[in-house]
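Subject: Two-chain model, handover and findings

Hello,

Here is the structure I promised to pass on. Please open it first, then read my notes beside it.

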Amino acid sequence: MCASTAMPGTALGGIRRIRTSRSAAIGQLARQRPAEPVAWTEAEAIRRAQAGDAAAFEHLYQLHGRRVYALCLRMVSNPADAEDLMQEAFLQLFRKIATFRGESAFSTWLHRMTVNVVLMRLRKKSLPTDSLEETLDPDSENSGPKRDVGAPDLRLSGAVDRVNLDRSIEQLPPGYRTVFVLHDVQGYEHNEIAGIMGCSVGNSKSQLHKARTRLRELLQEDVRDQARDERKASKSQSDTQD
Amino acid sequence: MRCKEFASVLEQQGLSPLPDAARDHLAACSECQDFLADISFIVTAAKQLPAELDPPQRIWVSLRAQLEAEGLVREPAILRPETAGSWLRNLRALFTPRSLATAGVGIALTIAAFLQLHKPAVVQNSAATVAQKQARPEIPAQVRPQQAAANVPLPIRQPAKSPGRLDPTASATLTSPPSEDVYFARTAALNQAENDVPNSSLATNPALDESLRKNLRTVNEFIAECEAHLKKHPQDMLAREYLNSAYQQKAELLAAMLDSGRSEQ
C-alpha cells in the first residue's frame, strides 16, 4: 500500500512538472510562431533565406521591419503609402537576397533599397524632389543664421512640440528629409548614411546641416503663424467686449 | 570668425564641442547663439521621436503571399491528409526501407510493451525508478537532437531489481532516431497500455483515482498538441523533445495507474 500510494505521488509530481512545463512549452511554441527560431544569428538567417527558407525570411522581417516601417512612414507620412513602400522594399530585398555577399552590413543594404524605393515613388508622384546636390537657395553657401530684424522672439524651445516637428519634417524636401530621419531620428552615423544614400560623408553632413537649417525656418514660420493667430484671437475678443 | 564660417564649422562637426575660435564668435554673436540653440533643440526633439514603429501584421501576410506566389520561399514538406492524392503518397511512403525499418521497431516495441503490461508487476523499487526519472532534467530548454537519437528508454515498468519476472526486452529502448513513424509507434504502445488501465476504480480513495485520471487527460492533451504542432512543423526539434518527454511521463503515469489497479485486486 505504501508503495502504491508513494508511486502515484511521485507520478503526480511528474505530472505536475508536465503541467508546468506544458504551459511553458505551449507558450514557448506559440511565441516561437511566427517569431524567429531559437538562436539564429542574422548571418544564419540570411544564409537560410538565400536557400528559400520561409522562416528565415520572417526572421529577417521581424529583425528589421520596424525600422524600415518607421523610415517609410516618416518619408511619406501616409500609412497606406508607407505600407506599400515597406512591402515593396522587402520584396526587392528577398528577390535579390541571393546576390548579397556581405560586403556591406545587411541593414545598410536593406535601408539603401528602402530609400531608393521611397525616392522612386516620390519622383513618380512628381513631388518636388531634391537630388542630394540640390540646395535651398542660390546663395547656398550662406546656410548660417538668417537675420530677422524686428521679428518677434523666434526661439523654438518651449514653442514647438512633437506635432509641429513632425509636420515640419514632412515639408522637407525628400533628400533632406531622408538624411535627417536617418541621422537625427534613427541614429545612423554619417558613414552609414553615405553607404545607404550612395554619397560621400561630406555630402551627408552638408545635407544634414541644410535639413536642420530648413527645419528651423519651417518651425519659426509655425511659431510666427501661431503668434499671429493668438494676436488676432485676442484682438477679436477685445473688440467683442467693446 | 564670421557667422558664415561658424555655420561651416557647425556643418562639419555637428554639435560636438566647438573649437576655440567658434566659441569666441559664439560668445559675441547673439544670432549664432539663437541659431545654435534652435538647432540643438531640433536635434534633441528629433531624438525623442520613435526610431522604430510596429508595422501592421497585414504587411507580412501580404508579403509572404507574394513571396510564395513568386516561388521565392520553400516550405518543408507538411502532412496534409485532406489533400487529394496524399493518402496515396503516404501509402507509398510506408514502403520505403526506412519506413519499414522504423515500423518494425514500432511493432516490436508494441509487442514488448503488451507482454510487459500483462505480466504480474513487482512494485518494489519502482518508486526509486520513477524517482530516478524524476531527477532527470525537465523538458530541455535547448534543442538536443542527439539526445533523442541516443538510447531513450520508454519504460512501461522498470523496477531496478526484479526477481526475474520481467522480460529484459521490456526495457524497450529506442535506438532509432525519433522519426514520425517512431513517435506513432510509441503512441500506439502507450495507447495499448492505456487501454489496459481498468475502467473501475484505481484506488480506494476516489480523489486519488480522479486525480490520476485527470493527470492522464492532461498528459494526453499535451501530447495531442505537440503532435498537431509537429504535423505542421515536422522540423521543429524542440517540439520533438517536448513530445518525447511527454511520452515518458505518460508511461510513468500509466505504470503508476496499472500498479494501483493491480494492488487493489
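My notes on the model follow.

This is a predicted model: local features need pLDDT of at least 70, side-chain atom pairs count only at pLDDT 80 or more, and totals for chains, interfaces and linings use all residues. Residues are numbered from 1 along each chain as its sequence is written, while chains are lettered from A and ligands numbered from 1 in the order in which they are written.

Confidence

The score used is pLDDT, the predictor's confidence in each residue, from 0 to 100. Chain A averages 77. In that chain, 70% of the residues score at least 70. Within chain A, helix α1 (residues 2–32) has the lowest confidence, with a mean of 45. Helix α7 (residues 174–185) of chain A has the highest, at 94. Residues 132–143 of chain A have a pLDDT below 50, yet the stretch has 15 contacts in the model beyond near neighbours in sequence. Residues 147–152 of chain A also stay under 50. For these the model has three contacts beyond four places in sequence. A contact here means two residues whose C-beta atoms, placed from the backbone, lie within 7 Å.

Overall make-up

Helices (H or I, at least four residues) and strands (E, at least two) are DSSP runs, numbered from the N terminus. Chain A has nine helices and zero strands. Chain B has eleven helices and two strands. Its order from the N terminus is α-α-α-α-α-α-α-α-β-β-α-α-α.

Burial is counted by C-beta atoms, placed from the backbone: a residue is buried if 20 or more others lie within 10 Å of its own, exposed if 12 or fewer, and partly exposed in between. Of the 242 residues in chain A, 39% are buried. For the 265 residues of chain B, the figure is 29%. Now take contacts between residues at least 6 apart in sequence. In chain A, 67% of them join residues at least 24 apart. In chain B, 74% do.

Cores

A nonpolar core is a set of buried Ala, Val, Leu, Ile, Met, Phe, Trp, Tyr and Cys residues joined through C-beta atoms within 7 Å. The largest one has 59 residues. Those with the most contacts inside it are A:Cys72, A:Leu85, A:Met86, A:Val118, A:Val179 and A:Phe180. Helix α3 (residues 54–76) of chain A gives this core its largest share, 13 residues. A second, separate core has 19 residues, among them B:Ala189, B:Leu212, B:Leu243 and B:Leu254.

B:Leu254 sits in helix α11 (residues 237–264) of chain B. It counts as buried because 25 C-beta neighbours lie inside 10 Å. Its C-alpha atom is 9.9 Å from that of B:Asn195, 59 residues apart along the chain.

Around helix α3 of chain A

A:Leu71 lies in helix α3 of chain A. It is buried, with 27 other C-beta atoms within 10 Å. Beyond its neighbours within four places in sequence, A:Leu71 contacts A:His111, A:Thr114, A:Val181 and A:Gln186.

A:Ser77 is in the loop between α3 and α4 (79–96) of chain A. It is not a glycine, but has a positive phi of about 60°. A:Ser77 is partly exposed, with 15 other C-beta atoms within 10 Å.

Helix packing

Two packed helices are described by the angle between their axes and the distance between the axes. Axes are lines fitted to C-alpha atoms, for helices over the stretch in contact, and angles run from 0 to 180 degrees between N-to-C directions.

The axes of α7(A) and α9(A) cross at roughly 100° and come within 8 Å. So α7(A) is roughly perpendicular to α9(A) (the class covers 65 to 115 degrees; under 35 is roughly parallel, over 145 roughly antiparallel, the rest oblique). A:Val179 is among the α7(A) residues in this contact, and A:Leu208 among those of α9(A).

Which helix of chain B packs against helix α9 (residues 201–241) of chain A? Helix α3 (residues 30–47) of chain B does, at an angle of about 100°, with the axes 10 Å apart. That pair is therefore roughly perpendicular too. A:Arg212, A:Leu215 and A:Arg216 meet B:Asp38, B:Ile39 and B:Ile42 there.

Best wishes
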